[in-house]
Amino acid sequence: MCGIAGYSLSASSTIERTLAAQALLAGIAERGADAVGYAYRASGGVVEIHKQRSAASALLEQVVLPENVTEALVHVRDYTKGHPRIEANNHPIRHGAVVGVHNGIIFNDDDLMNGLRPPESREASEMTVDSRAIFALAEASNGSAAALEELRGSMATAWIDERRTGTVFVARGVGRPLWIGAGREETFFASTKAALEVVERYLRLKLRKREIGEGTLVQLTEGGELRSERFRPDRDFQERELPAVRAPHEGLSCLRRLAALAAL
């Protein structure tokens, strides 16, 4: 079980960008300790990716985002396919113009990748993680919800497409939770409602929170929800129960460090 989170902000939002990313990271830290990373895009720029093979506590204090950032993604990994010793398998991952994060398991990734545009970078060619199929489909289809119907398995995911200015795509298939929280000039998303509550506490916000329904793609633009589109998720996927939280100690450690950082 991995953890995903991120945000979309208007350019005029006064939210402290770095603290927002740190709060999200602390909120999802308990969900994986094999690797951690974040990505962001400032207005009109390319996506910058930072990741490492460690738990969240080793990265939390090193997170830095420029104050003109409008979109961000955060991830903690509990790997299933694609060993974390290969950096390309750790999230956020890039396929062409798309950079994304994923929680879940995709079973038909190899078959899908055989029919999609081959990767252009050396890093992408080394990638074996199943999540790659999501972002290859997203790039090939320009973010179409219908394209997600080709995926078999479980999914909560988000991505930034460098061809789409000021936009974050957030999608939920089956088997994994995903929450969204809207403010006045900002929208946050995370694997759990509790992570959004951490954001509220440390950024002194009040968010309108809701769980995204299964089979839903949401397009966030400039801090708000532009549109929501339905798709048919893989209803054949069966899982008796969600995987256990793997790193509760990481959650506690990061929340303590977050409190110290916010007090500075």
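Predicted model: local features only at pLDDT ≥ 70, side-chain atom pairs only at ≥ 80, totals over all residues.
1. Contact here means heavy atoms within 4.5 Å. Helix 1 lies across strand 1, strand 2 (35-42), strand 4 (69-77) and strand 10. Helix 1 runs at about 155° to strand 1.

2. Seven strands make an open sheet, in the order 3-2-4-1-10-9-11. The pairing is antiparallel. The edges are strand 3 (48-52) and strand 11; each has a single partner strand, so one side of each is left without a neighbour in the sheet. On average, neighbouring strands of this sheet are turned by 10° against each other, direction ignored.

3. Five of its five residues are buried, so strand 10 is largely enclosed by the rest of the structure. Both of its faces are covered. Glu186, Phe188 and Ala190 are buried on one side. Thr187 and Phe189 are buried on the other.

4. Strand 10 has these pairings. With strand 1, strand 10 pairs in the antiparallel sense over five bridges. With strand 9, the pairing is again antiparallel, over four bridges. A hairpin of three residues joins strand 9 to strand 10. Across that pair, tryptophan 179 stands opposite alanine 190 of strand 10.

5. Which residue of strand 10 is the bridge partner of serine 8? The partner is threonine 187. Serine 8 itself sits in strand 1 (residues 3-9). Its relative accessible area is 0%, so serine 8 falls under the 20% cut-off and counts as buried. Its side chain reaches the backbone nitrogen of glycine 223 at 2.9 Å. Leaving aside neighbours within four places in sequence, serine 8 has contacts that include Thr70, Val168, Glu185, Glu186, Leu220 and Gly224. Thr187 and Gly223 are also among its contacts.

6. Helix 5 (residues 193-203) is another element that lies on the sheet's strands. Helix 5 lies across strand 9, strand 10 and strand 11, and runs at about 140° to strand 10. Its buried residues are Ala195, Leu196, Val198, Val199, Glu200 and Leu203. These buried residues pack against helix 1 (17-28), strand 9 (179-182), strand 10 (186-190), strand 11 (208-211) and helix 6 (248-263). Just after helix 5, arginine 204 takes a positive phi of about 55°.

7. An α-helix has 3.6 residues a turn, so residues three or four places apart point the same way. In helix 5, the buried set includes Ala195, Val199 and Leu203.

8. Where do the nonpolar side chains gather? The largest nonpolar core has 36 residues. Tyr7, Leu24, Leu25, Leu65, Phe188 and Leu203 touch the most other members. Strand 1, helix 1, strand 2, strand 4, strand 10, helix 5 and helix 6 each give two or more residues to this core. Helix 1 gives the most, with eight residues. A second, separate core holds 24 residues, including Ile106, Leu112, Phe135 and Phe231.

9. How many residues of helix 4 (residues 132-141) are buried? Eight of its 10 residues are buried, and the helix is mostly covered. They are Arg132, Ala133, Ile134, Phe135, Ala136, Leu137, Ala138 and Glu139. The buried residues of helix 4 pack against strand 5 (93-95), strand 6 (98-103), helix 2 (109-114) and strand 7 (156-161). Just after helix 4, asparagine 142 takes a positive phi of about 60°.

10. Last, a residue at the surface. Is arginine 256 buried or exposed? Arginine 256 is exposed, with a relative accessible area of 59%. Arginine 256 is found in helix 6. Arginine 256 and serine 57 are 199 residues apart in sequence. In space the two are 10.0 Å apart, C-alpha to C-alpha.

Terms used
Residues numbered from 1 in each chain as written. Heavy atoms only, no water. Buried < 20%, exposed > 50% of the residue type's maximum accessible area, 1.4 Å probe, protein only. Polar contact = N/O pair within 3.5 Å; in protein donor to acceptor, adjacent residues only side chain to side chain. Pairing = 2+ DSSP bridges. Axes fitted to C-alpha atoms, helices over the stretch in contact; angles between N-to-C directions. Core = buried A, V, L, I, M, F, W, Y, C linked by side-chain atoms within 4.5 Å.
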